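Please keep the sequence and the coordinates in view while reading.

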Amino acid sequence: MIKITQANREHSQIIAEIGKQAFWESHGHSASKEDINSFIAKTYSKAAINKEFENANILYHLVSFNDKIAGFSKIELNTSNINIKDPNITKLDRLYLLKEFYGKNLGAKLVDLIIELSKQNHQNGIWLAVWKENQKALNFYLKAGFKIVGEFNFKISETHSNPNHIMYLKY
């Protein structure tokens with residue numbers, strides 16, 4: 001059974017833990033172990049996640065499968081992108097699932113929910129950055145209707161960046 005709930009500050013630790021594991025699973029081979037560990041320590045700490053809950057435009061959701069938390073999404077309303085001219089657009093900043101839950105339709109359910117939330121907040125579309133070498137994620141977003149509209153270098157560390165596509169779904 002799939003269940004999606006809006007997260008709050010009380011969920012910061014579990015979001016941080018899933019973020020660390022999911023980032024290692026999907027990007028761990030993209031840079032040196034030191035660079036990945038440094039990025040994860042900075043990005044997926046309980047304190048960093050807690051800070052994000054102070055921003056009313058950031059919404060986290062947890063997805064569970066058979067009562068076990070399987071992943072999360074993070075969107076940020078009203079976040080522009082230089083590749084997109086539309087005003088009032090949402091950034092899908094993270095959609096992470098633990099590998100053991102791949103293939104259970106959880107990502108599609110999360111995308112459906114966040115698109116609906118974005119529309120309810122009078123947004124004109126939703127955009128994201130996806131690592132060019134993450135073919136599974138790229139195919140997932142293309143299937144969901146996103147189009148590649150630009151490029152972005154995602155900074156892992158001072159010495160390493162991963163090339164990303166900017167993808168956009170206009171409503």
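Is Ala70 buried or exposed?

## Basis of the description

This is a predicted model, in which local features need pLDDT of at least 70 and side-chain atom pairs count only at pLDDT 80 or more, while totals for chains, interfaces and linings use all residues. Residues are numbered from 1 along each chain as its sequence is written, and side-chain values use heavy atoms, with hydrogens and water left out.

Ala70 counts as buried because its relative accessibility is 0%, where buried stands for under 20% relative accessible area, exposed for over 50% and partly exposed for what lies in between, computed with a 1.4 Å probe on protein chains only. Ala70 belongs to strand S3, residues 68–76; strands here are DSSP runs of E with at least two residues, and helices are runs of H or I with at least four residues, both numbered from the N terminus. Leaving aside residues up to four places away in sequence, Ala70 touches Val63, Ser64, Phe65, Tyr96, Leu97, Leu98, Phe101 and Leu106, a contact being heavy atoms within 4.5 Å. The C-alpha atoms of Ala70 and Tyr96 are separated by 8.5 Å, although these residues are 26 apart along the chain.

Val63, one of the contacts of Ala70, is placed in strand S2, residues 58–65, and is likewise buried, with a relative accessible area of 0%. With residues up to four places away in sequence not counted, the contacts of Val63 include Ile2, Lys3 and Ile4, as well as Leu97, Leu106 and Leu110. Tyr96 is 33 residues from Val63 along the chain, and their C-alpha atoms are separated by 9.6 Å.

## The loop between S2 and S3

Asn66 lies in the loop between S2 and S3, and its phi is positive, about 50°, although Asn66 is not a glycine. Asp67 has its place in the loop between S2 and S3, again with a positive phi in a residue other than glycine, near 65°. Asp67 counts as exposed because its relative accessibility is 77%.

## Asn164 and its polar contacts

Asn164 is found in strand S7, residues 161–170, and counts as buried at 5% relative accessibility. Which backbone atoms does the side chain of Asn164 reach? One is the backbone nitrogen of Val130, at 3.4 Å, and another is the backbone nitrogen of Trp131, which lies 3.2 Å from a polar atom of the Asn164 side chain. Such a polar contact is a pair of N or O atoms within 3.5 Å, of which, within protein, one must be able to donate a hydrogen and the other to accept it, and residues adjacent in sequence count only if both atoms are side-chain atoms. Beyond residues up to four places away in sequence, Asn164 also touches, among others, Ala129, Lys132, Gly150 and Phe152.

The buried residues of H2 are Asp35, Ile36, Phe39, Ile40 and Thr43. Seen down the axis of H2, these fall within an arc of 125°, so they line one face of the helix, the arc being that of the directions from the helix axis to the C-beta atoms. The buried residues of H2 pack against H1, helix H3 (46–52), S4 and S6, whereas the face turned away from the buried side carries the exposed residues Lys33, Glu34, Ala41 and Lys42.

In H5, the buried residues are Ala137, Leu138 and Tyr141. They cover an arc of only 100° around the axis, which puts them on the same side of H5. Gly145, with a positive phi near 105°, follows H5.

## The largest pocket

The largest pocket has a volume of about 1100 Å³. On a 1 Å grid over the protein atoms alone, where a 1.4 Å probe fits, a pocket is an open set of points with protein on both sides within 12 Å along at least five of seven lines, and lining residues have an atom within 4 Å of a point. Grid points are joined across faces, edges and corners, and the volume is the space filled by probe spheres set on the points.

The lining of the largest pocket has 43 residues, of which Leu95, Tyr96, Asn134, Ala137 and Tyr141 lie nearest its centre. S4 gives the most to this lining, with 7 residues, and the elements that each supply at least two residues include helix H1 (12–27), helix H2 (33–43), helix H5 (135–143) and S7. The lining residues divide into 24 nonpolar, 10 polar and 9 charged, where Ala, Val, Leu, Ile, Met, Phe, Trp, Tyr, Cys and Pro count as nonpolar, Asp, Glu, Lys and Arg as charged, and the others, Gly among them, as polar.
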